[in-house]
Amino acid sequence: EKHPGWGAQTLRLEISKDERFAGLKIPSRVRIAAYLKEQKKVRKYERHQDLPEPKTHPVQRPHQEWELDAQGVTTVTGLGKVSFINLLDVYSHASIDSHACLNTRHPRSQEYQRILRRAFIRYGLPEWLSLDHDSAFYDNKSASPFPSVIHLWLIGLSVQVRFIHKRPPLEHSRIERHHQTIARQAFEGQTFADVTALQHSLQARLLFLNQEYPTRALDGLPPFQAFPQARHSGRFYGLDTEEQLLDMQCIYDYLQSGHWFRKVSSVGTFSLGGHLYNATRRFTEQTMEITFDGTTHKLICLPERETTAFQLDVQGLTKAALMGNSSALPSYTAYQLALPLPYP
């Protein structure tokens, strides 16, 4: 009663040290756990459920998979602390993009969406995007994470999302090395008056790396010489066509394969995907089992002590909410309109 946080293992160890129980047979951890359950003293644990992920395949062509990652905070002379987001094509080793974020240790999801839009304009949509478990695009606070806005946005654009499950260098080793390459090429030892100058340097060196710099893994050829088709994926994207490209049915199908568990608060609410839902006080302190109906587009909620589920309107699942501010691209970047012609 005095130590509600102690589990069966801790209790057994503490009992064995207590002189009042010297010489007595100490119950096993399993028996103590059974007793705690019988007395309804067991702590509730949130049930674990991974996000659904599509089956992966070996990377065999340019733009089949991009790796996205933030380098972390770096000191740049003239600007101070800067966090860089980098994008790399796994197969061709093409440097897709690099984006500088000033005065932040943790880029927001809008910054990731911004660099992705810029990359889509230049190189088209990739087939896959691999991400780590950064909180900008992964719900780290739940054992049954709900997909983030940027995750659903990518699925709606028919870009499959894969989350790495091993720490670098076991996974994402290429992008980790690429951070160092970008730093040496674009800003180490240099001074910049503003972020525009830094971004111009990044873009110039990316072009140099793709068109001129020999890559050991490509027999000494630059990526665009080794793979001319790496100049574009063939899956065209434009800011003016994003709303039409965004396929909500793909999102509905993905959510229908998900499963989430949330505990109802003392005031009868629970949080899912950053939105607050009212389950009423009737279900206070109960765990809610939640699924998504792909036909009605509603959440199906089943309380732990009930046999009948009820429905709630899902929040934030509109094109406008997923797209956010689609026009918020840096003014210092010039774009060439993509022509619907095959690349040689």
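User: In the hairpin of S7 and S8, which residue takes a positive phi?

Analyst: This is a predicted model, in which local features need pLDDT of at least 70, side-chain atom pairs count only at pLDDT 80 or more, and totals for chains, interfaces and linings use all residues. Residues are numbered from 1 along each chain as its sequence is written, and side-chain values use heavy atoms, with hydrogens and water left out. Two residues lie between the strands of this hairpin, and the one with a positive phi, near 65°, is Gly273.

User: In which sense do strands S7 and S8 pair?

Analyst: Strands (E, at least two residues) and helices (H or I, at least four) are DSSP runs numbered from the N terminus, and two strands pair if DSSP finds at least two bridges between them. Ser271 stands opposite Leu276 in S8. Four bridges join S7 (residues 269-272) to S8 (residues 275-278), and the sense is antiparallel.

User: Which strands stand at the edges of the five-stranded open sheet?

Analyst: The order is S3-S2-S1-S4-S5, with mixed pairing. Each edge strand has a single partner strand, so one side of each is left without a neighbour in the sheet; these are S3 (95-102) and S5 (160-163).

User: What is the bridge partner of Leu129 in S5?

Analyst: Strand S4 (residues 128-131) pairs with S5 in the parallel sense over four bridges. In S5, the partner of Leu129 is Val161.
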